[in-house]
Amino acid sequence: MGTSVFAKLRTSCLLVLGTALVVFLIGRPPASARGPALNDWQTLYGGISASSDVAQCAVCHATDPGDASWNQYGWDIFLVHGTPGCETWEAAILCVENNQSVSDVPGTYTYLDEIEASTQPGWTAADVNTVYTNSADLFDQPPFAGLEPYDPAGMGGAGGMGGAGGMGGAGGDCPGEFTIPPEQFGEGTILVKPGQSIQEAIDRAAEGTVITVEVGVYEEPCNPTNGLNITKSGIHLIGQSTPWEEATPEQRVIIGSTGDQRNGIVIVPPEVPAEAQPKGAEVERTDCMGCHTDMGPPFPLRPDVPKIIPKATDAWLNDIVVQGITVQGFMNNGLFAEHVDGFVFSDVESIDNLNYGIFPVLSANGVIRDSYSTGSTLDSGLWVETSENVDVINNLIENSVNGIEVSNSDDILVMDNEVRDSTVGAAILLLPDIYDNRDSAKRINLQNNWLHDNNKPNTARPGSILAEIPSGIGILYVGVDDSDASGNLVENNDFVGIGVVDYCIPFLGTDFACTVDPTITPEFLADAQAENNRVADNNLVNNGTNIEPGNPFASFAGDLVLLTVDDHGNCFENNEFTTSFSFIGSFPPCPDDPGTGGAGGAGGMGGAGGDSGTGGTDGSNGGGGCAVGGDAPFRPSTAWLALCCALALSRRRRLRRR
């Protein structure tokens, strides 16, 4: 039987995709550092532990050789490696000596206890081990065979960290009496001074209280997971700090980690919905580790905790202000807020909080302004997730993977920010794993921002979707609709200046491909195209000019990049740029009448923190000034084949001003 012309064409196109899209936007770091890490481990412990006789890759990994899976011990080492004080593998190993596996009975063996007892750290004898892989966290796993003896899950031994469950000595240090004297309480006010407890003030405050904190360093040891917990409406936490851009550390209110605390400030309603409670137990809303095994993405739940989608009808907090506060050195998140309606985070500093710096989720009608975030080396310096009507204004974000991330959110204004020295300046996304929580990413407008020199190597967690993104990107819109990017200065980003991308394209050939990712539903696929976005009046300078040698996708780079299977109503006008790449061979111009949601509509969003209804309506009417044509249907595989040929035949265009 002969081969049809279409079949030959299909084969040619697949070859193009096989050599192009499989690794486009892929920059995953090596999954294992077993050579130097294992050598350092044996150097440290070979003289005190008989376990070194059989200690190979499986001391840290779940397979031997362990290319893409970790036990709890290896995962903890990986998370702290490269952080202050834990820069080398040897230092990272020492940094986790007093940690304890989440699979163990709380208050039993630390890793050092296990090593000194000549058992294998990170492995428990029972089938209760947690294994971390590229695609999922696996619970209730057996230990790796052949490394006996194992820790018998707390059946005796050295006894952990004094009642704190191995959490770095946080237990036993909580004040047993009040530290704030009566004269520091006023009508609706509380003053906190150095040596006193901010958490005490929060606990004793009525709703609507202004808590003022004098300059100093505060460690709050009462909770082994979180530095501060705010579970009441109307709390205004105000530090008497010099503004961060003018201050020395001695002029700031600093919330510091006691050691292994995971979150700095947690702002959540007090109740856990009954249907989300662990089976057979009740937890407080602030007991993060009572429900999760890790406070880093994807925030895996313990096996006895139902996966319940948060609802708008769940409890909310209102009128929260955090101002003049530095949050520093927490393992996961700096400032986290969930289900908060009406918030202001102003002059907040997030320093070296590894996952997320400033992180509102499932919240509304807020402002993040005049703040600074650095050192979120596993994820995003500032992330607005599953929220609506939030303004992100006049912040500086640097030295993170994503500088600013906005995902599955509507009516977000990102204006007058500077993002530098990160992997991606601004990642504006529609994501499948949180699509059930919020199934929309519309009217996310970026205006008058400066995004430059975002070429930091990608240090996201291996196996995460973020690890698939290379460095060198200024602004990346993925699967987002009805949004406006205008008036931005985007320069010196090595790979892409501004990119507008359909979701399924960049992840072909990865664990997150639309054909294999189990979190992707038909509803998400129908919404995964980037539609009706307007890119106008931006100045793009020297982007896409320093691609890593040997990268076969240098032709995808440029100041402007459009990777969509059709124009989808996206439009471009009055951008200053030199290089570009378009999947469809051109950049569609914007209509003469930009509609009520164009540049003027985005200005209406400026009051989202206050008059959110006006901003939302204005953006909805005009769709970012580019709402032209009907909804683009999801394209079947034959359309993708035709498109890949367009890719093979297209060429890099050098243009000046459209």
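A disulfide here is a pair of cysteine sulfur atoms within 2.5 Å. Keep in mind that this is a predicted model.

1. Start with the disulfides: a search of the whole structure turns up two. One of them has Cys571 and Cys590 as partners, with their sulfur atoms 2.2 Å apart. The angle about the S-S bond is 85°, and the link of Cys571 and Cys590 is right-handed. This pair links distant parts of the chain, 19 residues apart: Cys571 sits in strand β36 (residues 571-573), and Cys590 in the loop between β37 (579-582) and α9 (599-604). Both Cys571 and Cys590 are buried.

2. Cys504 is joined to Cys514 by a disulfide too, S to S 2.0 Å. Here the torsion about the S-S bond is about -95°, so the Cys504 and Cys514 disulfide is left-handed. Cys504 and Cys514 each lie in the loop between β32 (496-501) and α8 (522-526), so the pair ties together parts that are ten residues apart in sequence. Cys504 and Cys514 are both buried.

3. Next, have a look at Gly357, in strand β17 (residues 356-361). Gly357 counts as buried because its relative accessibility is 0%, against a cut-off of under 20%. Beyond its neighbours within four places in sequence, Gly357 is in contact with Gly334, Leu335, Ser350, Ser373, Ser376, Ser380 and Gly381. From the C-alpha of Gly357 to that of Gly403, 46 residues apart along the chain, the separation is 9.7 Å.

4. Finally, Thr225 is in the loop between β9 (216-219) and β10 (226-230). Buried or exposed? Thr225 counts as buried, because its relative accessibility is 5%. Setting aside neighbours within four places in sequence, its contacts are Gln261, Arg262, Asn263, Cys288 and Met289.

Conventions. Residues are numbered from 1 along each chain as its sequence is written. This is a predicted model: local features need pLDDT of at least 70, side-chain atom pairs count only at pLDDT 80 or more; totals for chains, interfaces and linings use all residues. Side-chain values use heavy atoms; hydrogens and water are left out. Helices (H or I, at least four residues) and strands (E, at least two) are DSSP runs, numbered from the N terminus. Buried means under 20% relative accessible area, exposed over 50%, partly exposed in between (1.4 Å probe, protein chains only). Contact means heavy atoms within 4.5 Å.
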